[in-house]
Structures are given as structure tokens and as C-alpha cells.
Amino acid sequence: MTENFSFTNDERIIFTLRALYTKYGYQPYRMSKFEEYDLYSRNKDFLVSEGVITFTDTSGRLMALKPDVTLSIIKNTRDTAPDVSKLCYDENVYRSPKGASGYREQMQIGLEQIGGVDLCGVSEVLWLAAESLASLSGDFVLDVSHLGLASAILSPLPPRDATRTALLKCAADKNLHGIAEIAKDHPLPDGMGARIAALIEASGKPARALPRLRALAGELGIPEAADELETVLSVFDGTPYADAIRIDTSVTGDMNYYNDIVFRGFLREVSEPVLSGGQYDMLMKRMRRTDRAVGFAVYLDRLERLGETHPDADADVLLLYPSDTPPADVHRAVTALIAEGRTVFAASHGAGRLTFRATADLIGGEVIFRA
Amino acid sequence: MPDMLNIALPKGRLGEHVYDLFEQAGFPCPSIRNPGRRLIFENEEAGVRYFWVKPSDVTVYVERGAADIGVAGRDILLEYEPDVYELCDLGIGKCRMAVAAPRDFRDDMRRTLRVATKFRHVAETYYAARGREIDIIHLNGSIEIAPIVGLSDVIVDIVETGSTLRENNLVVFETVFPISARLIANKSSHKFKNEAISRLVREIAGGRS
């Protein structure tokens, strides 16, 4: 009777996922709400949102309300390889949503592996991404890709080159016709357009997509990229999640930060990806770290309406008492109803627009339900 | 019963042309031919539901998943940069984004260029790539008047036949990019309604080859 009222969606998801991650040995990690702004200004492109809320603290340092968790974790941990740290978190971040003015507080839950991360570790993170999605919905898809392929294809172009960025966007948008449009204005190095097209087309269930990716990886001289993808995905073979795993080369990321395995999770009920992650050894290098790292975040703000139910009432009982009733009588009646497993709203007159399954009057210390 | 495929069509002639293509591709909804004031049309048997929406809103419907797929011009995609898949160039609704100005216009590099446009992001990106400092004057319509009445030096706008420009004594100075209608898909819908979306793309691509 009372369960409907007990947990918000966010709380339920946080409890479920935190329990899942700690089962695999991930240690809850708490961090400060603030960081020096410098951390974010040096890694602006890594942030999902452009705006950062800043303020000057009492010692004159320019601080920011953290817009991202991963950067804070990297900054506040030390290299441990060949050992590995497994951390999980649920933290608020402060971001400016795309196309909106102002900022929003958003809860994010996720995990990171930092240190001597090996392919078993990456597989474990992928598995936990799938488990996280499965715990949220019976119908999910986990898209996985290997950034090494796009990186090798685009390597003849300089890192910040506009054509390179445009071609990577074509891959992210599954936009085959866009490649020809780019090539019309900016002649591409030999075979680059055809290879990006082959990359876009090498998506689908692993059994179909892997042979195509293997051929492309061989052509690019990086067969290990296809091997790695096959190896990390092998944890799903013969499991109930196998059908939900796709190779999708539209999963990309800023190659100044991400490398190798990247992934994104979707639920049928939600129109945007709800989980995003990957290996970010490049970000670690930029922050002068030698450790390797992999992780993911679940975006709780996108899950607000997931499994949304509209309870038929705000509480079980509206208990009305005369205004001269002694508080001890009201308290006794309320706790007795709660002990019966009901939720109670006690008031002398009414409860505005709230709705109740039953209304009762407290008369002479007795609870009398109205017919 | 399989899921309905929700399709956002741009209101107007382009949308009607697009519907013809979709109907030929096996996604018919005959009631859409007699719209009256209705904006939503459904053919349960074909598993399809069409919405008529303002052309610039198609990307919003698709990005937010209210529509699984839709058709939007390249101008809208480059202006709003929605997070969607761009699956197919339909090769219709062809026109171009252009810089136009009075015939005697000469760009004085000593001054900030005043640019009137509906397409703020497109104009900013175009001139930023050229290192030209500009002052954007955002207008919602009748852009052609701006340089005539001295509000701007140039306009950045869509040019179809060029007759509106000619009638207002403006000429095209540069083409920013060619435009045509694109089939776009919501990223999540593409995972869960992949069979229907892929079939539609295949049929349309096949019909055009």
C-alpha cells in the first residue's frame, strides 16, 4: 500500500545501481561539489555542456560547481598501475542544457576503472553497462564501437582539421551522402571517403558487423582493433544480453580524450541515450597521468519519466480532526493508521488539491472512516 | 502488433512531395490526402502515423523522440545541429543558402559586416571560418528588406529561384551551401524500430536509383 510513495525514480535507480556496482567491488567515491575552475577550462571540449557556474571563494580562487564527475576523479586520484582502482559515484553535476538558458542540477551515477586497466576490466565495465540498462528496462540496446578505426582512417588529417571533424560527424550521424558533399569542397586523401563509408556501414549485430570491421581493420593495418572488440564482446556470448548488443560505429567521441572501446546505451522508452562511456586514456595523458581508464555514466535526468506511474491517490487516508483536538490524540491516531500500513495526511480542514483513497474523521479519539 | 512508425512531415508543398515518396515506399496513409484541419493521420494496418509540423520544428519532434523519423532541410540541420541520424538525401526541395546584397555592394574590410538573417548559427559559422568580423541582425522574415533600408550590408538566406531577390534589387554574392531535404531519425528509435526505418530508407534509396 505504501510502496508507491516511498521512493522517487532517482532514488530507486541509485539504490539499485549502487548495489550492483558494489557487488563487483567498486568503492563509493564522494567528492566536493566545487573544484577550481582551471580544471574545467583546460578540458573544455571534454565537457558535455559549455557553461560552468563559477564563483570566487573566500581565498580569492575562482571555483566552479562541478559540471563533470570524471575530471574530478582523475584530478583527485593518483596513478596506481599495475594495480587498478574501481570507483563508483552518484553525484550532482551543474550544467547548461543544450538550447536552454540557465543551469540545471542533474544527478549522475556511474563508475570508473583507473590504473592497470586490461581487456578483462573493459569487458567488466561493458557488462556492468548492460546490467545497468537491464535493471532500468526490459528493452535496451548497448551500442559498442572501437575508435581506433575512425582514428586510423582520419590520421592523414591534422587533429583539429575542419574536414576531419566534419567526416567524424558524418560517421556519428550515419550520414553517407555527407561524405560526398565534403569531398566536393575539400579533396580527401585517397580512399578516405570510401573507408569512412565502409565504417558507417559496418554496424549491426556483432555476427554481421564484425567480419566487415575485421576486413576494414586489416586494410588499415590495425587488426588488433577488431580483435579487441571481439574479445570484450565475448562476455555476452550465450547470455540473455547477447541480443541487445550492437556494434555501431556512429558511437564516436573526441579523440583527444577517448580511445579504443566506446559505448552508448539506449532504452526503448527514452528518446536519448541514457548511458555513455568508454576508454579515456587520452584524457589521462592530457592530465599527465600514466594510468589507463575506462568508465561510464548513467544520466538520471533522462530517466525522469521512465516507468512513470500516476498513483490514484497522494496518500491512503485523509484524517480530519476538529481544530481543538489535543496533539497527542492526533499523533496516536496517525501512528496507529501508519502501523496498519497506510499513508496518512492529517489536517484540521483539508489538503488543498491532494487526493486520498479514503477520508476519516477523528472524533473523541476514534478514527471513523466515511462511507 | 508491431510499433507504429511516427513520421514528422514539414507542412507545405515539400511535405506533400515527401509523403508521395513515402507512400510509394510502402508507408501509405490515404486519409492524409483530405486533411481538413487535422494534423495527425494514422494507418494502423501499414503501421504508420504522420504529423504535419512547421518545417523548422521537424528536428525538434525527431530529436526528442515524438517522431521516429522526419524530413528536414539541410539548412535547418546546420542551423540547429540536432542530435539525430541523417540517413538519406531525398534529393528534393533543392535550393541554396546564400549571401545576397544590393548589386553595388562592396565589402569594406575596415568595418564590421552587418548580416541580417534567420540563420544565426549558419552565418556565424560561415564568417568565422573566413575570419570576418560580423554583426548578426536576427530577423524572422522579410530578410530582403534589411539591406535596402540600411539595416544590414548583406543577408544570409535561402535562395530558390532568385526571383524574390531580383524583385528587391538584390543579387547573390556567394553560395554558403546547397540545400536539399534529408531523412532524419531519432537515435533511440533507430535502435528499436530499425526494421521499419531501414526498409523505408532502402525503398526510397532504391526508388531514386
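I began with burial in chain A: 37% of its 371 residues are buried (20 or more other C-beta atoms within 10 Å of the residue's own, C-beta atoms being placed from the backbone).

I noted the ground rules. The model is predicted, so local features need pLDDT of at least 70 and side-chain atom pairs pLDDT 80 or more, while totals for chains, interfaces and linings use all residues. Residues are numbered from 1 along each chain as written, and chains are lettered from A and ligands numbered from 1 in written order.

Chain A next. I found 13 helices and 15 strands (DSSP runs numbered from the N terminus: H or I of at least four residues, E of at least two). The radius of gyration, over C-alpha atoms, is 26 Å, well over the 21 Å of the globule rule, so chain A is more spread out than a compact globule. That rule is 2.2 Å times the number of residues to the power 0.38. I read the C-alpha trace as spanning about 90 × 55 × 45 Å along its principal axes.

Then the A-B contact. I listed 14 residues from chain A and 11 residues from chain B (C-beta atoms, placed from the backbone, within 7 Å).

Last, a sheet in chain B. I traced an open sheet of five strands, order E8-E7-E9-E6-E10, with mixed pairing (pairing needs at least two DSSP bridges). Its edge strands are E8 (134-138) and E10 (170-179) of chain B. I saw strand E6 (residues 95-102) of chain B pair antiparallel with E10(B) over eight bridges. There, B:Ala98 has B:Thr175 in E10(B) as its bridge partner.

Conventions:
Contact = placed C-beta atoms within 7 Å. Buried ≥ 20, exposed ≤ 12 C-beta atoms within 10 Å, placed from the backbone.
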